[in-house]
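Colleague: Hello! Could you walk me through this protein, a few questions at a time?

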Amino acid sequence: TMYEECQALFGKKHKWIAYVDADEFLEVQKPHTLNSILEPLEKNETVGALAINWVMHGWDNKEKRPAEGVRKGFTSCMLDTKKDLGFDKGTGNQHIKVIVKTDSFLEPSNPHKMILKEGKITVGEDGDEVDRHAWRVPPSRKKIGLHHYAIKSKEEYAKKIDRGNGMGDPKGWTWFEEMMTVPSETCLSMTVYEP
């Protein structure tokens, strides 16, 4: 797989590898830095990976790709739960992606989480063990989050459906419609970055 190829090519050159996609952007909350988050984990022999919760962005009713780019063009973030709809169902923000210690990597479990060598665990930003397949519940991003622009404009989403995905189960228009039911709020933190 591409994960194993990445590990083979770069694992000996780096202490950590972040397995994130091109439509995902890390956001570290001040006063933290990526180094200040990873350094204590690096010293912990048991920790093999850091799980980071998503912040999923909506399509903002845009038919076409915005000229201002993805981070400035899509400023609605889905809430963590659908409590205001009368039930406490989690949203896609419960999903994680991982930054893995290269000496702990064994093989991919799925695009969200890696299988680690024996005795190694995946932890969240609070040091909590993440033992689920692809989720960290409840989600939190007090130190670090991963903004995921999964939908973008209607035009871009149609292209995404056409090209499929690496998991063999591309999302369709039903998923797009389901995402429209998730309550959201305006979040501008990613708009400060250039380009």
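Modeller: Gladly! Let's begin with Leu106, which is partly exposed because its relative accessible area is 45%; buried means under 20% relative accessible area, exposed over 50%, and partly exposed in between (1.4 Å probe, protein chains only). Keep in mind that this is a predicted model, where local features need pLDDT of at least 70, side-chain atom pairs count only at pLDDT 80 or more, and totals for chains, interfaces and linings use all residues. Residues are numbered from 1 along each chain as its sequence is written, and side-chain values use heavy atoms, with hydrogens and water left out.

Colleague: In which strand is Leu106 found?

Modeller: Helices (H or I, at least four residues) and strands (E, at least two) are DSSP runs, numbered from the N terminus. Leaving aside neighbours within four places in sequence, Leu106 is in contact (heavy atoms within 4.5 Å) with Ile115, Leu116 and Lys117. The strand that holds Leu106 covers residues 105-108 and is β6.

Colleague: How far apart in space are Leu106 and Glu4, C-alpha to C-alpha?

Modeller: In sequence, Leu106 and Glu4 are 102 residues apart. In space, C-alpha to C-alpha, the distance between Leu106 and Glu4 is 8.4 Å.

Colleague: Which residue of β5 is the bridge partner of Tyr19?

Modeller: Two strands pair if DSSP finds at least two bridges between them. Strand β1 (residues 16-19) is joined to β5 by 4 bridges, and the two run antiparallel. The bridge partner of Tyr19 in β5 is Val98.

Colleague: And which residue stands opposite Lys97 of β5?

Modeller: Strand β3 (residues 47-56) also runs antiparallel to β5, with 5 bridges joining them. Opposite Lys97 stands Ile52.

Colleague: Which side chain makes a polar contact with the side chain of Asn53?

Modeller: Asn53 is found in β3 and is buried, with a relative accessible area of 0%. A polar contact is a pair of N or O atoms within 3.5 Å; within protein, one must be able to donate a hydrogen and the other to accept it, and residues adjacent in sequence count only if both atoms are side-chain atoms. The side chain of Asn53 reaches the backbone oxygen of Asn93 at 3.1 Å. Its side-chain partner, at 2.8 Å, is Arg136.

Colleague: Last one: is Thr122 buried or exposed?

Modeller: Thr122 is found in strand β8 (residues 121-123). Among the residues that Thr122 touches, not counting those up to four places away in sequence, are Ala49, Val98 and Val130. With a relative accessibility of 4%, Thr122 counts as buried.
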